[in-house]
Amino acid sequence: MVVQESSALNTEARTLMVVLRHRHQSDHECEKLEIPKPRMAATQKLVKDIIDSKTGEIANKRRKGAKNSETAAKVALMKLKMHADGDKSLPQTERVYFQVFLPKGRKEKSKPMFFCHRWSVGKVVDSAASLASLKNDNNKLTAKKLRLCHSTSGEALPLDDTLEMWITKEDYPLYNGGNIILEYLDAEEQSLKNIESYLE
């Protein structure tokens, strides 16, 4: 003898007897059967969204590049914190870390360093020169000047600006954990050329 288990189910104030083996709508040909939408509809919508986002990507490309740089800097920051040189008396909360690419022609290509976010760019240059044992004749009129340059734009940062100003900038900010370049420039030079050659 086969015993059929059944259970009462209240659907929209109507009580129905449902055989448990046939509890799915499709098994007992329910008159209120809702046919699921095809799965391809979701895929087509996703593909359309991707295509739409790509067409708007050109306008956002500059900002996206910034996002990628920011993410890369966050990952690099964790590594830099383990090896960076700097003034050990600086509180952790005031430190900003950079992979400092050194002037061309040096045996050591780059060095992880940290500085105080409130320091002027001039003080950062002096500190970095000391940490990397670089000749610093910035106080001599005729000598080439050691300058801190942005690793994306190549721009020589003004010596009176603070690091904090550059970290909070909207366009081409410096990132805690990012790259900066130290190089000797003539007094009239305001930017580096061939930035990629430093970062290779």
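Biologist: In this predicted model, does K111 count as buried or exposed, and why?

Modeller: Buried means under 20% relative accessible area. K111 has a relative accessibility of 14%, so this residue counts as buried.

Biologist: Where in the fold is K111 found?

Modeller: K111 belongs to strand β4, which covers residues 110–116. The protein as a whole has five helices and six strands, and their order along the sequence is β-β-α-α-β-β-α-β-α-β-α.

Biologist: With which side chain does the side chain of K111 make a polar contact?

Modeller: The partner is the side chain of D85, at 3.0 Å. Leaving aside residues up to four places away in sequence, K111 touches D85, F98, Q99, V100, L102, L131 and A132.

Biologist: How many of the residues of the protein count as buried?

Modeller: The share is 32% of the 200 residues. The accessible surface comes to about 14000 Å², and carbon and sulfur atoms hold 54% of that area.

Biologist: How does one look for empty space in a model?

Modeller: Rolling a probe the size of a water molecule over the atoms shows where empty space is left. In this protein, the second largest pocket has a volume of about 250 Å³.

Biologist: Which residues lie nearest the centre of the second largest pocket?

Modeller: They are S69, S151, Y175, G178 and N179, out of 17 lining residues. Helix α2 (57–83) and strand β3 (95–101) each supply at least two residues of the lining, and the largest share, five residues, comes from α2.

Biologist: Into what classes do the lining residues of this second largest pocket divide?

Modeller: Nine are nonpolar, eight are polar and none is charged.

Note on methods
Residues numbered from 1 in each chain as written. Predicted model: local features only at pLDDT ≥ 70, side-chain atom pairs only at ≥ 80, totals over all residues. Heavy atoms only, no water. Helix = DSSP H or I, 4+ residues; strand = E, 2+ residues; numbered from the N terminus. Buried < 20%, exposed > 50% of the residue type's maximum accessible area, 1.4 Å probe, protein only. Areas by Shrake-Rupley, 256 points an atom, 1.4 Å probe, with all protein chains shown as cover. Polar contact = N/O pair within 3.5 Å; in protein donor to acceptor, adjacent residues only side chain to side chain. Contact = heavy atoms within 4.5 Å. 1 Å grid on protein atoms, 1.4 Å probe; cavity = no way out; pocket = protein on both sides within 12 Å on 5 of 7 lines; lining within 4 Å. Points joined across faces, edges and corners; volume = space filled by probe spheres on them. Nonpolar A, V, L, I, M, F, W, Y, C, P; charged D, E, K, R; others polar.
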